[in-house]
Amino acid sequence: MQLDIRAQTLLKALVERYIADGQPVGSRALSKISGLELSPATIRNIMADLEELGYVASPHTSAGRIPTPRGYRIFVDTLLTVQHIDESSVEARMRLPSQQPQKLIANAAQMLSSLSQFAGVVMAPRHESVFQQIEFLRLSEKRILLVIVSPAGDVQNRMLLTDVDYTPAQLVQSANYINQHYSGLALEEVRGRMQGELRQLQTDMGRLMQAAVEAGSEAMADSADDMVIAGERNLLSVSDLSSNMSSLRQMFDMFEQKTGLMQLLDVSSKASGVQIFIGGESNLVPMDEMSVVTAPYAANGKIVGTLGVIGPTRMAYERVIPIVDITAKLLSNALSNH
């Protein structure tokens, strides 16, 4: 249902006041702050309509009302006036261009946290697991250490438990085959090619090579630091999030497990521009009192990850949205120069 202009004005005034001081807002306060020349009775009627529509709720202890997740949603989607933030001052604080990609990402998370005073999160770029060479080291009868070297010289190790006892000569031969034919490719690509090319090689060595590529692929995926979070401690001072033990536990479970957050950031990497996930309406946010504001970032025109701010549902969205937007742009620019 489309709200009329008076209902929109009152809802906007109520959400802004509630975000500012966290107290339920009464009709008398609304008549003052909304600037509308309406009688208290008219305001009460409009608020009753908004409550019926599910945009506001009345806590039992008070005559005032507070926004619901649905109320926040209509506020951020249609009523919000985003603040202007001076991009150059943010850029100066970020000091991005001269650093390594890993440092840029950590810096961006820190930046999101310090500007918003909540937690900043950045999903690191997904890299393909390209390898330069692999080696097999026989440890004992059916245990082999797989050593994978990336083009940048990073080394990953994985243990392979085999059905067959391979001789050192077979291990050298298998490693040579992979290095000669596939060096410089992503391991996922090697896996596909190998299935076709080694079909005729239904031998122990073929099986070893397939096992090595699968294990290598996993090892390189595990080594990628998927997510950087900064400023979780800021959320401890937000009473809406840390008011009771079960909220605290939920919040720290989310930071520890990261899977839900990864899913949320993954979803927002497929969208363009700033996305707002409001707890209580988005199944991706684990707590009713929590919202996540995200934006994708790119490197050389290709979206490679997502960043965002995690804070209370009662956050100053008009400030947080431009902070997320500008940080995504700055990180994209910095990564594109590499």
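Start by selecting Ser34 and whatever touches it: apart from neighbours within four places in sequence, Ser34 is in contact with Thr9, Leu10 and Ala13. Before you go on, keep in mind that this is a predicted model.

**Stop one: around Ser34**

Colour helix α2, residues 27-34, and you'll find Ser34 in it. Is Ser34 buried or exposed? Its relative accessibility is 14%, and buried means under 20%, so Ser34 counts as buried.

Ser34 and Leu10 are 24 residues apart along the chain, yet their C-alpha atoms are separated by 6.1 Å.

One goes to the backbone oxygen of Leu30, at 2.8 Å. The other goes to the backbone nitrogen of Leu36, at 3.2 Å.

**Stop two: a pair of helices**

Stay with Leu10 and select helix α1 (residues 5-21) along with helix α3 (residues 40-52). Their axes come within 10 Å and cross at roughly 80 degrees. Angles of 65 to 115 degrees count as roughly perpendicular, so that is how α1 sits relative to α3.

Which residues make the contact? On the α1 side, pick Arg6, Ala7, Leu10, Leu11 and Leu14. On the α3 side, pick Thr42, Ile43, Ile46, Met47 and Leu50. Colour them by type and you'll get 8 nonpolar, 1 polar and 1 charged.

**Stop three: the sheet**

The order is β4-β5-β6, and the pairing is antiparallel. Which strands are at the edges? They are β4 (133-140) and β6 (155-161), each of which pairs on one side only. Ignoring direction, neighbouring strands here are turned by 20 degrees against each other on average.

Zoom in on β5 (residues 143-149) next to β6: these two pair in the antiparallel sense over 7 bridges. To see one spot in that region, select Arg143, which stands opposite Leu161 in β6.

**Last stop: a helix on the sheet**

What does α7 touch? This helix packs on the sheet, touching β4 and β5. Line up α7 with β4 and compare where they point: their directions make about 165 degrees.

Technical notes:
Residues numbered from 1 in each chain as written. Predicted model: local features only at pLDDT ≥ 70, side-chain atom pairs only at ≥ 80, totals over all residues. Heavy atoms only, no water. Axes fitted to C-alpha atoms, helices over the stretch in contact; angles between N-to-C directions. Helix = DSSP H or I, 4+ residues; strand = E, 2+ residues; numbered from the N terminus. Parallel < 35°, antiparallel > 145°, perpendicular 65-115°, else oblique. Contact = heavy atoms within 4.5 Å. Nonpolar A, V, L, I, M, F, W, Y, C, P; charged D, E, K, R; others polar. Pairing = 2+ DSSP bridges. Buried < 20%, exposed > 50% of the residue type's maximum accessible area, 1.4 Å probe, protein only. Polar contact = N/O pair within 3.5 Å; in protein donor to acceptor, adjacent residues only side chain to side chain.
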